[in-house]
Amino acid sequence: MGRIAVMGAGSWGTAVGKVLADAGSDVVMWARRGEVAAEINDDSSNGKYLPGIVLPANVTASTDPAEALSGADEVVLAVPSQSLRGNLEQWVELVDEGAGVISLAKGIETGSLMRVSEVVAEVTGFADERIAVLSGPNLAREVAEGQPAATVIACTDPDRATRLQNAFATRYFRPYTNTDVVGCEIGGATKNVIALVCGIATGMGLGDNTMASLVTRGLAETTRLGVALGANQATLAGLAGLGDLVATCTSPLSRNRTFGERLGLGETLEQAQAATNGQVAEGVKSCTSIRELARRSDVEMPLTEAIHDICHEGGDAVEVAVRLMGRSTKPE
């Protein structure tokens, strides 16, 4: 694939830009901060987000969205789910006719309760076959280091998914295709919330039995919601579901798990944010919309409810954990 615009120069956007460049595309990254763009252009690095990683020569950057999007065959959206709509409304007229869009964001939009692909469709007016999502067990640092990883590219058009698969495939990054956009997006959104729970458990000093139980029950929550919304259950047992969940819940490289761990140590949201480079974990924002989406779909999600209580209703992490364990017993 020729020229690809990556709109967002955070850790994951930068890692994906490197993957695409290693696979042979010319990559232009849009960076909000001038100093980030300058470092990418002058030093082939993005030290704020991925220190020590050398970017290929065919990765350049700009703070001008028009420059980044000009002539792009594909547009990779690498901004957080809650800020996507506002950014995309400014960019949509700059996207070349016929260019496709692929989203990296993992979340449910607050208020509308839309998945990211639905937000993209509403803002752009693009048909579903022009919109794809990428989701899987992909920790940015490890991918940028070239450690072997797999992912899922989902699009309702299987031919386009295959073209994107070829554009992302490298010796270390293996994409699989899927047409289940709903399943991939629900798996990607809910895993951030479950990772907060697992982080809290780690901060409280709880061990592997607890962790395994939380991951398993978290997968059950995710699957119930996904199936209720039309997802294929098999998708949530695969890379975009279980795979992403395990990586995000267990790795210290996961922002959501690390954020949760600070809460489990007794810190406030503000203290946890300060300890994670001033960034709020996606699950803190998305838990409210996921909870509402579950309630609207009549799906029970006790772990999601617990995180919402802790993050937005002043609930104490230890007390909430005790309450979860006190739920009535029932068949699995």
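What share of the contacts in the protein with a separation of 6 or more is accounted for by residues 24 or more positions apart? In this predicted model, such residues account for 72% of those contacts.

The secondary structure of the protein comes to 16 helices and eight strands. The radius of gyration is 19 Å, close to the 20 Å that the globule rule gives for 332 residues, so the protein is as compact as a globular protein of that length. Taken along the principal axes, the C-alpha atoms fill a box of roughly 60 × 40 × 35 Å. Of the 332 residues, 54% are buried, while the protein exposes about 13900 Å², of which carbon and sulfur atoms supply 48%.

After H15 comes glycine 314, which has a positive phi, near 75°.

The next step is to look at a partner of this helix. Two packed helices are described by the angle between their axes and by the distance between those axes. Helix H9, which covers residues 208–228, packs against H15 at an angle of about 100°, and the two axes lie 8 Å apart. Because angles of 65 to 115 degrees count as roughly perpendicular, H9 is roughly perpendicular to H15. On the H9 side the contact is made by Leu214, Arg217, Gly218, Glu221 and Arg224, and on the H15 side by Pro302, Leu303 and Thr304. Sorted by class, the contact of H9 with H15 has three nonpolar, two polar and three charged residues.

When its neighbours within four places in sequence are left aside, leucine 239 is in contact with Gly136, Pro137, Ala150, Thr151, Val152, Tyr176 and Asp244. Between leucine 239 and glutamate 313 there are 74 residues in sequence and, from C-alpha to C-alpha, 33 Å in space.

Technical notes:
Residues are numbered from 1 along each chain as its sequence is written. This is a predicted model: local features need pLDDT of at least 70, side-chain atom pairs count only at pLDDT 80 or more; totals for chains, interfaces and linings use all residues. Side-chain values use heavy atoms; hydrogens and water are left out. Helices (H or I, at least four residues) and strands (E, at least two) are DSSP runs, numbered from the N terminus. Axes are lines fitted to C-alpha atoms, for helices over the stretch in contact, and angles run from 0 to 180 degrees between N-to-C directions. Angles under 35 degrees count as roughly parallel, over 145 as roughly antiparallel, 65 to 115 as roughly perpendicular and the rest as oblique. Contact means heavy atoms within 4.5 Å. Ala, Val, Leu, Ile, Met, Phe, Trp, Tyr, Cys and Pro count as nonpolar, Asp, Glu, Lys and Arg as charged, and the others, Gly among them, as polar. The radius of gyration is taken over C-alpha atoms; the globule rule is 2.2 Å times the number of residues to the power 0.38. Buried means under 20% relative accessible area, exposed over 50%, partly exposed in between (1.4 Å probe, protein chains only). Accessible areas come from the Shrake-Rupley method with a 1.4 Å probe; for residues, only the protein chains shown count as cover.
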